[in-house]
Amino acid sequence: MSTNLPDLALVGAGYWGKNLARNFHGLGVLHTLCDKSAEILSSYGADYTGVNKIDSFEAVLADGAINKVAIAAPAVLHHRLAKAALLAGKDVYVEKPLCLNVEDANDLISLAKQTGRILMVGHLLQYHPCIMELQRLVGQGELGKVQYITSNRLNLGKFRQEENSLWSFAPHDISAILSLVGGRLPQQVRCTGGAYLSPSVADTTLTSLQFTDGVRAHIHVSWLNPFKEQKLTVVGSKGMAVFDDTNPWADKLVVYRDYLTWADGKIPTPNKVQAMPIKLQESEPLRTECQHFVDCCEKRVMPRTDGAEGLRVLQVLKAAQDSLERNGEAADPTVAVKPSYFAHDTAVIDEGAKIGAGTKIWHFSHIMAGAEIGEGCNLGQNVVVSPGV
């Protein structure tokens, strides 16, 4: 629990926000609940008597007692809300995904750096004891060379219409998988899926990641499945580990060691080995995640799921979405995003400048870091746009 006065505002107190509210309040840092819905705000009972309840995000930004902002609003609002909070001098926690496009994510990362603020993304699996132990097992070579990883996140409902199953379910799995391969991006992403309940909203997707050293990963997500499954399997040359989050704590993470023998050095023969449960201290991942954000803000250190980590996950998501829309055609997440504006070869665009779609910037113009230009503008020759404009 924090020893300081409450200084965190939660923006979006509904479906997932209530879980964040419970944990931040339990840590003694929840100052304000902000939501447009009076019904949602009124649902917080006597336990939240000392917490401000408001419907104005602008009031959050203007309140000098609020130093931290946690955002659990719809993903389409993440960039706008996070940017405003960073510009107001607040440290920011954003639920997954960080943004809906790479350009906006880079904008937030640059802004957090410029303002000296903490930017953290809510990739919950990275704070689960089982994933943290898996990272240790892989990092210390106890499973040998990682060969492939599979992850299934299946359920019946909650059905969405504003985002598909890839964007709703897969960010956590992508984040965990990238952490197990050293934070590298795959060289190739393929994704297929189907929309059965709502047009153009995929209810189920299967994503394949291929890395440069031959490691492969497969992610199957669906909210149209008769049973709940949350299982991640890591297969290495010396052992296999299975994390099944639907099992009791004692059986959530098991390891199969020395699962095969090489006859004559070239013929693999399977060994029927027993699964060895890994004993871990039970803890709530969300509580650990919330505490991590508070600690990073107080100590001024980078979170384990910082903006750069959120950007890598977003790059994979974007590549998967592009592949999904092209019926499984391979996509490269490392390809630089083409700007949505035109700039002449002689123009200088500083990192951190924000330029709207359709804008044209002509000969020898200079757009400085921190400047923001809207959509459809036309800047002639020899124009200088200063920071803050």
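Modeller: Two strands pair if DSSP finds at least two bridges between them. Helices (H or I, at least four residues) and strands (E, at least two) are DSSP runs, numbered from the N terminus. This is a predicted model, in which local features need pLDDT of at least 70 and side-chain atom pairs count only at pLDDT 80 or more, while totals for chains, interfaces and linings use all residues. Residues are numbered from 1 along each chain as its sequence is written, and side-chain values use heavy atoms, with hydrogens and water left out.

Biologist: In what order do the 6 strands of the open sheet come?

Modeller: The order is E3-E2-E1-E4-E5-E6, and the pairing is parallel. Strand E3 (52-54) and strand E6 (119-122) are the edge strands, each pairing on one side only. On average, neighbouring strands of this sheet are turned by 20 degrees against each other, direction ignored.

Biologist: And over how many bridges do E1 and E2 pair?

Modeller: Strand E1 (residues 8-11) pairs with strand E2 (residues 30-34) in the parallel sense over 4 bridges. Val-11 stands opposite Cys-34 in E2.

Biologist: Turning to helices, at what angle do H5 and H9 pack?

Modeller: Helix H5 (residues 102-115) and helix H9 (residues 307-325) pack at about 175 degrees, with their axes 10 Å apart. Axes are lines fitted to C-alpha atoms, for helices over the stretch in contact, and angles run from 0 to 180 degrees between N-to-C directions. H5 and H9 are therefore roughly antiparallel to each other (under 35 degrees counts as roughly parallel, over 145 as roughly antiparallel, 65 to 115 as roughly perpendicular and the rest as oblique).

Biologist: Which residues of H5 and H9 make the contact?

Modeller: H5 contributes Val-102, Ala-105, Asn-106 and Ile-109, and H9 contributes Gly-307, Ala-308, Leu-311, Leu-314 and Gln-315; contact means heavy atoms within 4.5 Å.

Biologist: How do H1 and H8 cross?

Modeller: The axes of helix H1 (residues 17-26) and helix H8 (residues 285-299) come within 9 Å and cross at roughly 60 degrees. That makes H1 oblique to H8. The contact involves Asn-19, Leu-20, Asn-23, Phe-24 and Gly-26 of H1, together with Leu-286, Arg-287, Cys-290, Phe-293 and Val-294 of H8.

Biologist: Why is H4 described as largely enclosed by the rest of the structure?

Modeller: In helix H4 (residues 78-87), 7 of the 10 residues are buried, so H4 is largely enclosed. Buried means under 20% relative accessible area, exposed over 50%, and partly exposed in between (1.4 Å probe, protein chains only). Among the buried residues are His-78, His-79 and Lys-83. Just after H4, Gly-89 takes a positive phi of about 85 degrees.

Biologist: Now the backbone. Where are the cis peptide bonds?

Modeller: Most residues other than glycine have a negative phi, and most peptide bonds are trans. A cis bond joins Lys-96 and Pro-97, with omega about -10 degrees, and Pro-97 is in the loop between strand E5 (91-95) and H5. Another cis bond joins Gly-157 and Lys-158, with omega about -15 degrees. Lys-158 lies in the loop between strand E7 (146-156) and helix H7 (165-180).

Biologist: Is Asp-258 buried or exposed?

Modeller: Asp-258 is exposed, with a relative accessible area of 54%. Although not a glycine, Asp-258 has a positive phi of about 50 degrees. Asp-258 sits in the loop between strand E13 (253-257) and strand E14 (260-263).
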